[in-house]
Amino acid sequence: MTHPRPRAALGVLASLVLLGPVAPAARAADTTPEPPPPPRYSAPAPAPLTTAQGHIRAARWPEALAELRRLNLERDADWNNLMGYVLRKQAAPDLDGAQRFYDAALRIDPNHLGALEYVGELALTRKDLPAAEAFLARLQRACGIANPCAPLEQLRKAVAAYKAGSR
């Protein structure tokens, strides 16, 4: 007499053989689907401030200002910082406007390295060495142990040049 268990086991084995190899996805412990690949022929979208930054690098202040105004990203610290920079650097500087935008950038991000550097430079333009040195100290704290910290080095040079020229 044969036992029903061995026949059942043979039936299961036969079924597995008929099904063929198990697909890799069925064996994987992680069943999270793979993300779709990026489109093959599209270029990455530029960051919103890229065009304005290009105008700034080329000292095209009216174009930079127009692009920044078109973007109108007033809740973005980088945008406010660039607005302040452009207003300070244009042919007829708007120092009060630049101050407002630097202040806005620092309200959004109190440790924004670029805004701390540029507002310190603005203080030197206004012949306010104590304010520039206060921003230099803030910038040093914001940079922490980062070495090098380009904004810190730039403001240090500007303060040193100002002190050398005011003697």
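**Close-up views of the predicted model**

**View 1. Helix α6 passes helix α7 in a left-handed crossing.** A crossing is left-handed if the near helix is turned anticlockwise from the far one by less than a right angle, and right-handed if clockwise. This is a predicted model, in which local features need pLDDT of at least 70 and side-chain atom pairs count only at pLDDT 80 or more, while totals for chains, interfaces and linings use all residues. Residues are numbered from 1 along each chain as its sequence is written, and side-chain values use heavy atoms, with hydrogens and water left out. Helix α6 spans residues 95–108 and helix α7 residues 113–125, and their axes come within 10 Å and cross at roughly 150 degrees (axes are lines fitted to C-alpha atoms, for helices over the stretch in contact, and angles run from 0 to 180 degrees between N-to-C directions). The helices α6 and α7 are therefore roughly antiparallel to each other, a label given to angles over 145 degrees, with those under 35 roughly parallel, 65 to 115 roughly perpendicular and the rest oblique. On the α6 side, the contact is made by Leu95, Ala98, Gln99, Tyr102, Ala105 and Leu106, and on the α7 side by Ala115, Leu116, Tyr118, Val119, Leu122 and Thr125, where contact means heavy atoms within 4.5 Å. The residues of this contact of α6 with α7 divide into 10 nonpolar, two polar and no charged.

**View 2. Helices α4 and α5 pack with their axes 10 Å apart.** Helix α4 covers residues 61–71 and helix α5 residues 77–89, and the angle between them is about 150 degrees; α4 and α5 are therefore roughly antiparallel to each other. Helix α4 passes α5 in a left-handed crossing. From α4 the contact draws on Trp61, Ala64, Leu65, Leu68, Arg69 and Leu71, and from α5 on Trp79, Leu82, Met83, Tyr85, Val86, Leu87 and Lys89. By class, the contact of α4 with α5 has 11 nonpolar, no polar and two charged residues.

**View 3. Asn72 and Lys127 have positive phi values.** Asn72, found in the loop between α4 and α5, has a phi near 45 degrees, although this residue is not a glycine. Asn72 is partly exposed, with a relative accessible area of 45% (buried means under 20%, exposed over 50%, and partly exposed in between, with a 1.4 Å probe and protein chains only). Lys127, likewise not a glycine, has a phi of about 60 degrees and is found in the loop between α7 and α8, the latter being residues 129–143. At 65% relative accessibility, Lys127 counts as exposed.

**View 4. Ala59 and Lys89 are 8.4 Å apart in space, C-alpha to C-alpha.** In sequence, Ala59 and Lys89 are 30 residues apart. Ala59 is found in the loop between α3 (50–57) and α4, and at 44% relative accessibility Ala59 counts as partly exposed.

**View 5. A disulfide joins Cys143 to Cys149.** The S to S distance is 1.8 Å, against a limit of within 2.5 Å for the pair of cysteine sulfur atoms, and a search of the whole structure finds one disulfide. Cys143 and Cys149 are both buried.

**View 6. The protein has nine helices and zero strands.** Helices (H or I, at least four residues) and strands (E, at least two) are DSSP runs, numbered from the N terminus. Of the 167 residues of the protein, 31% count as buried. Among contacts between residues at least 6 apart in sequence, 47% join residues at least 24 apart.

Conventions
Ala, Val, Leu, Ile, Met, Phe, Trp, Tyr, Cys and Pro count as nonpolar, Asp, Glu, Lys and Arg as charged, and the others, Gly among them, as polar.
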